Amino acid sequence: MPAVAPQLRALRRRAGLTLEAAAARARLSPAHLSRLETGQRQPSLPLLLGLARTYGTTVSELLGETPAAAEPVVRAGGPGAREADGWTYWQAGGSGRGMQALRVHVPFSPGPAELVRVHPGEEWLHVLKGRLRLNLGEAEYLLEPGDSAHFDSLTPHRIGAATGSGADLLFVHTLLQSSLAGLCLGGGPGSGTRH
């Protein structure tokens with residue numbers, strides 16, 4: 001990783017941080033950060049992740065990689081489905097953006113979803129097929145095909161399908177918690193709980 005050392009120093013300076021301030025934010029000693037910036041030590045992936053957060057950038061930029069131009073179109077038959085606890089997800093938007101768009105199949109759940117989620121950001125969903133139960137705070141909404149909801153995700157929320165065959169929806173959320181794994185947290189198998 002010969003490009004990492006000068007890139008680390010350049011990004012620290014771009015962030016307007018002294019060696020001591022950057023080291024404190026990244027929970028490193030100034031001597032360790034100095035060795036990383038001079039190429040005397042090679043950073044591990046966890047260390048790169050921490051430095052990327054400290055400098056407000058990505059690991060790719062720390063490594064000096066030039067990001068590919070984002071493809072604006074996601075074609076049918078593109079990235080395959082991912083499944084977690086009965087929920088199925090298909091990518092519906094480009095990666096590397098400030099929000100993530102997914103097409104989602106939500107399995108049937110007989111009652112309110114058990115898992116309540118709260119996290120920074122916004123969410124928007126649009127029901128394509130089936131009926132969807134959406135709990136926002138103390139309110140419960142039953143959404144039919146064609147209905148949409150847009151809400152602040154700091155509002156406690158949970159989602160479940162109210163029809164036996166499940167529900168299909170388009171789902172968009174801001175990437176303050178950015179991984180699909182972060183989105184796909186829920187109850188155990190058979191609970192029908194998600195988001």
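**Figure 1. The whole chain, seen from its surface.** The protein chain exposes about 10,700 Å², and carbon and sulfur atoms supply 54% of that area. This is a predicted model, with 6 helices and 9 strands in the protein chain. Of its 195 residues, 39% are buried. Among the contacts with a separation of 6 or more, 62% are between residues 24 or more positions apart.

**Figure 2. Confidence along the chain.** Mean pLDDT for the protein chain is 78, and 78% of the residues reach 70 or more. Please take care with residues 176-194, where pLDDT stays under 50. The model has 47 contacts beyond four places in sequence for this stretch. Where pLDDT is low, the predicted coordinates should not be read in detail.

**Figure 3. The buried side of helix 3.** Let us turn to helix 3 (30-37). Its buried residues are His32, Leu33, Leu36 and Glu37. They lie on the same side of helix 3, because they cover an arc of only 135 degrees around the axis. The cover over these buried residues includes helix 1 (4-14), helix 2 and helix 4 (45-55).

Figure 4. Arg27 sits in the loop between helix 2 (19-26) and helix 3. Its phi is near 60 degrees, a positive value in a residue other than glycine. Most residues other than glycine have a negative phi. With a relative accessibility of 78%, Arg27 counts as exposed. Just after helix 3 comes Gly39, with a positive phi of about 80 degrees.

Figure 5. Side chains of opposite charge can pair when their charged atoms come close. In the salt bridge of Arg9 with Glu37, the closest N and O atoms are 3.4 Å apart. This pair links distant parts of the chain, with Arg9 in helix 1 and Glu37 in helix 3, 28 residues apart. Arg12 also meets Glu37 in a salt bridge, at 2.6 Å from N to O. Here Arg12 is in helix 1 and Glu37 in helix 3, 25 residues apart.

**Figure 6. A salt bridge between two loops.** The side chains of Arg131 and Glu144 meet at 3.0 Å, N to O. Arg131 belongs to the loop between strand 4 (122-129) and strand 5 (132-136), and Glu144 to the loop between strand 6 (139-143) and strand 7, so the pair ties together parts that are 13 residues apart in sequence. Arg131 counts as partly exposed, at 32% relative accessibility. Glu144 is likewise partly exposed, at 34%.

**Figure 7. Gln100 beside Val172.** Gln100 has its place in strand 3 (residues 99-106). With a relative accessible area of 17%, Gln100 is buried. Along the chain, Gln100 and Val172 are 72 residues apart, yet their C-alpha atoms are separated by 5.5 Å.

Figure 8. Val116, Val118 and Leu154 make a nonpolar surface patch of about 250 Å². One of these residues, Leu154, is found in the loop between strand 7 (148-152) and strand 8 (157-161).

Notes. Residues are numbered from 1 along each chain as its sequence is written. Side-chain values use heavy atoms; hydrogens and water are left out. Helices (H or I, at least four residues) and strands (E, at least two) are DSSP runs, numbered from the N terminus. Buried means under 20% relative accessible area, exposed over 50%, partly exposed in between (1.4 Å probe, protein chains only). Contact means heavy atoms within 4.5 Å. Accessible areas come from the Shrake-Rupley method with a 1.4 Å probe; for residues, only the protein chains shown count as cover. pLDDT is the predictor's confidence in each residue, from 0 to 100. The arc is that of the directions from the helix axis to the C-beta atoms. Patches are made of residues with over 30% relative accessible area and no salt bridge: like charges are joined within 9 Å, nonpolar side chains (Val, Leu, Ile, Met, Phe, Trp, Tyr) within 5 Å. A salt bridge is a side-chain nitrogen of Lys or Arg within 4 Å of a carboxyl oxygen of Asp or Glu.
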